[in-house]
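Below is a short note for a colleague who is meeting this structure for the first time. Please read the points with the model open beside you.

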Amino acid sequence: RLMTDQPGKKSSYQSQLEAEEEFPANQACNPFQKKTNEIHLKNTNWKLGSWLWKLAGRSAVENWQKRWFVLTKDEKLITYSKDQASKILGVIELDNVLSIQTDSTNKPHSFSIVTQVRTYHLFAEVGEERDRWFETLAPLLDRLKTKRNTTQYTQKEGYLWKKGGKNKNWKRRWFVIKRETLVYYVDDQCNKERGYIILNKIERVESCSDLDAERPNSFNLHTPERIYNLAAPTQSEQE
């Protein structure tokens, strides 16, 4: 469902867009105009699409930007500047999403998409639009989490030390290889999942010299999103 403004009344957000000339006034709430509609009809690889407001991640001040979001059938969330005819600004693979939750921002109809490297703060212009994203994404994320946690596919498990991505503290985590995923938990009870790494996204495994490493028996996993710093309890476990 697409959202339209009340006749003759402009929201503060639409006025902002007109001032920035990012979305012309006659297009901001009508992405299915003739040209765009033809593109959408040709592209059937999507489950859900709508306008959402996104908080810019690198802005020094609070800066909300209106973006066209599309959830594809191959479980990717793609962000466009205007519509599917415009430039792709970002791609979030659902495999990398930890959760979807209500947001603590002061915006109405807001929610967050939490990944291992970033939290995306979003809001819809009406509550029904936000609910549609929740109802669509939540079961997909639950299915992916269940797949990661299927114990019959466990190939290897054990404790490793992991360096935090933000606070840089080392914490002991229980790691389990399941199918194509390396999942890590708070402890060996596997009740609290803290994150995961898709194995086919690991570009390089790097062994660290004990002289240079912060902890003995260290090694690094290089992925496109980040470098995971890990340490085994013994040299044999590291190998």
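**Notes on the model**

1. The structure holds six aromatic pairs, where rings of Phe, Tyr and Trp (its six-membered ring) count as paired if their centres lie within 6.5 Å, with planes under 30 degrees apart called stacked, over 60 edge-to-face and the rest tilted. One of them joins Tyr159 and Trp174 in an edge-to-face arrangement, at 4.8 Å centre to centre and with 75° between the planes. Tyr159 belongs to strand 8 (residues 154-163) and Trp174 to strand 9 (residues 170-178), so this pair ties together parts that are 15 residues apart in sequence. Ring pairs also link Trp53, Trp64 and Phe123 into a cluster.

2. This is a predicted model, in which local features need pLDDT of at least 70 and side-chain atom pairs count only at pLDDT 80 or more, while totals for chains, interfaces and linings use all residues. Residues are numbered from 1 along each chain as its sequence is written, and side-chain values use heavy atoms, with hydrogens and water left out.

3. The ring of Tyr159 also has the charged end of Arg172 sitting over it, 3.6 Å from its centre; the criterion is that NZ of Lys or CZ of Arg is within 6 Å of the ring centre and within 35 degrees of the ring normal. The charged end of Arg215 sits over the ring of Trp161, 4.1 Å from its centre.

4. The protein chain has four helices and 14 strands, taken as DSSP runs numbered from the N terminus (helices H or I, at least four residues; strands E, at least two). Seven strands form an open sheet in the order 4-3-2-1-7-6-5, with antiparallel pairing, two strands being paired if DSSP finds at least two bridges between them. Strand 4 (88-93) and strand 5 (97-102) stand at the edges with a single partner strand each, so one side of each has no neighbour in the sheet. Strand 3 (residues 76-80) pairs with strand 4 in the antiparallel sense over five bridges, and Thr79 stands opposite Gly90 in strand 4.

5. Which backbone angle deserves a look at His109? Phi of His109 is near 60°, a positive value in a residue other than glycine, and His109 is found in the loop between strand 5 and strand 6 (110-115). Asn217, in the loop between strand 12 (204-207) and strand 13 (218-222), likewise has a positive phi of about 60°. Most residues other than glycine have a negative phi.

6. Of the 239 residues of the protein chain, 41% count as buried, meaning under 20% relative accessible area, with exposed over 50% and partly exposed in between (1.4 Å probe, protein chains only). Asn217 counts as buried at 12%, whereas His109 is partly exposed at 28%.
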